[in-house]
Amino acid sequence: MSTPPATRSEGIPTRKAILKVLDGEAVWPQPIWMMRQAGRYLPEYRETRKDAGSFLDLCYTPRLATEVTLQPIRRFGFDGAIMFSDILVIPHALGQDVRFVEGEGPRLEPVTTLNALDNLADDLPLERLNPVFETLDRLSTALPRETTLLGFCGAPWTVASYMIAGKGTPDQAPARILAYRDPAFMGALIDRLVRASTAYLIRQIDAGAEVVQLFESFGSALPPALFGPLSFEPIRRIVEGVKGARPGAKAIVFVRGGGANLERFAEARIGDALALDWTLDPARVRPTLPARLATQGNLDPLALIAGGEALTRGVDHILQATRGTPHIFNLGHGILPETPIEHVEQMIARVRAAA
Ligand code: CP3
C-alpha cells in the first residue's frame, strides 16, 4: 500500500481532512465541500462566465476553468475543490454534437442506433480532453495545501440518457424505453462509456486529481431489473478499473435516488465513500453501513435556499447522525443558482463550529 499524499506544515506531515475520511477516519469538525460549488450563485462566476463565450469554452479554457474552480475556495475555504468541467465532455470528445443553450440546458444530437454509435469514437480520444488535464495540473499547484482536488465524470447511465434523448427528460423515459426495446444498443453504449470513463478518470488522477467522484444523477429512474446492468455494474467496472490501474486512487460514488441500492454498493465495497442524496436519513442509513466506509452529504439544497431554522436544523441533524463516523459534509445534490451566499456561509460556520 502506498502512503496517501501528505501535506507538509513545519515538517509535520498532516494528511488532508477529506483523504483521512476516505481512509475511514472520523474527522471533527467534518471536512466540507459542495456539489456544483462553482456556479451561478456566485457573482464572480457570472462575471467570468460572461467573458468566456460559451459554457464549453469555459470548460475547455484551462486558465478560466482554473479560476472558477478556485472562486469558491477563496471565498469559503472549502476542504475540497472539484475541477470545473461537465459530465457531457465525454460524449463531446467521442464526437457527438453537444451544445449548452442559455436558459435551457444541454442539447445533443441524439444517438439511438448502433449505426449512429459507430460514428462515434470507440476509444475515448484523450487528447481532446487535454484542457481538462491542464486545468487539473494548474489546480494541483494553485490550491492551498490542505485542499483536496477532486475530479469527476458522469456515471454511464446518466450520460447515456443525455446521449439518447439529446437533452434532460422527465424520468429519462426515452433512454428507458430504448433499454427495453434494444438491449444490444444499450449494452454497447454503456460499454463504450465504461471504457471511456475509466480511461478519463485514470488520466485525471495522473494529472493531479486525488479523488474522483462518479455522478449517477438519474439513479432513481431505473427499475430493479435495469439498475444492476445499467447503473451498478458499470459503476463497479469503472471504480475497479481505476483502482486496478492506480491503487492509491480514491472514489466517491453518488447515486441520486440510489437509497434502495446503497447496501449493494457497500457490500461490494464499490467506492471509498457513498454520497447520500437528501431523501436519505443519515441517522437510519449510517448504522447499516460498515463503520469504516465513508459517507458524504446530504443537506437538502432547498433547505440551503430557505436558510434560517430549516438550515440550522438540517445541518445539526446530519452532524449528530454522522458524528464519530467517517463523514464528509456536503449537500444532497448540487447547489442551485438562487441560493443566497449568506446561507452558504451560515452552513459552513455551523459545521466548523460544531462542538
Ligand atoms: O460541481 C462543480 O462545481 C463542478 C462542475 C460541474 C458542472 N456540472 C458545471 C456546470 C459538475 C460536477 C457538473 C456535473 C453535471 N452536469 C451533472 C451531474 C451532477 C448533477 O448536478 O446532477 C449533470 C446532470 C450535468 C449536465 C448539465 N450541465 C446540465 C443539466 C446543465 C444545465 C444546468 C442549468 O441549470 O443550466 C449543465 C450546465 C452546467 N454545468 C452549469 C455548471 C456550472 C451551468 C451552466 C452555465 O454556467 O451557464
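# Briefing on a predicted single-chain model

The chain carries 38 positive and 40 negative side chains, and 2 Å separates the centres of the two sets. The model is a predicted one. Its secondary structure amounts to 16 helices and eleven strands. With a radius of gyration of 19 Å, close to the 20 Å that the globule rule gives for 355 residues, the chain is as compact as a globular protein of that length.

**Overall dimensions and packing**

- Taken along the principal axes, the box filled by the C-alpha atoms of the chain is roughly 60 × 45 × 45 Å.
- Buried residues make up 56% of the 355 residues in the chain.
- Where contacts in the chain join residues at least 6 apart in sequence, 72% of these contacts are between residues at least 24 apart.

**Surface**

- Asp300 counts as partly exposed because its relative accessibility is 26%, a value between the limits of 20% for buried and 50% for exposed.
- Along the chain, Asp300 and Ala353 are 53 residues apart, and their C-alpha atoms are separated by 20 Å.

Technical notes. Residues are numbered from 1 along each chain as its sequence is written. This is a predicted model: local features need pLDDT of at least 70, side-chain atom pairs count only at pLDDT 80 or more; totals for chains, interfaces and linings use all residues. Side-chain values use heavy atoms; hydrogens and water are left out. Helices (H or I, at least four residues) and strands (E, at least two) are DSSP runs, numbered from the N terminus. The radius of gyration is taken over C-alpha atoms; the globule rule is 2.2 Å times the number of residues to the power 0.38. Buried means under 20% relative accessible area, exposed over 50%, partly exposed in between (1.4 Å probe, protein chains only). Contact means heavy atoms within 4.5 Å. Lys and Arg count as positive and Asp and Glu as negative; His and the chain ends are not counted. The place of a charge is taken as NZ of Lys, CZ of Arg, CG of Asp or CD of Glu.
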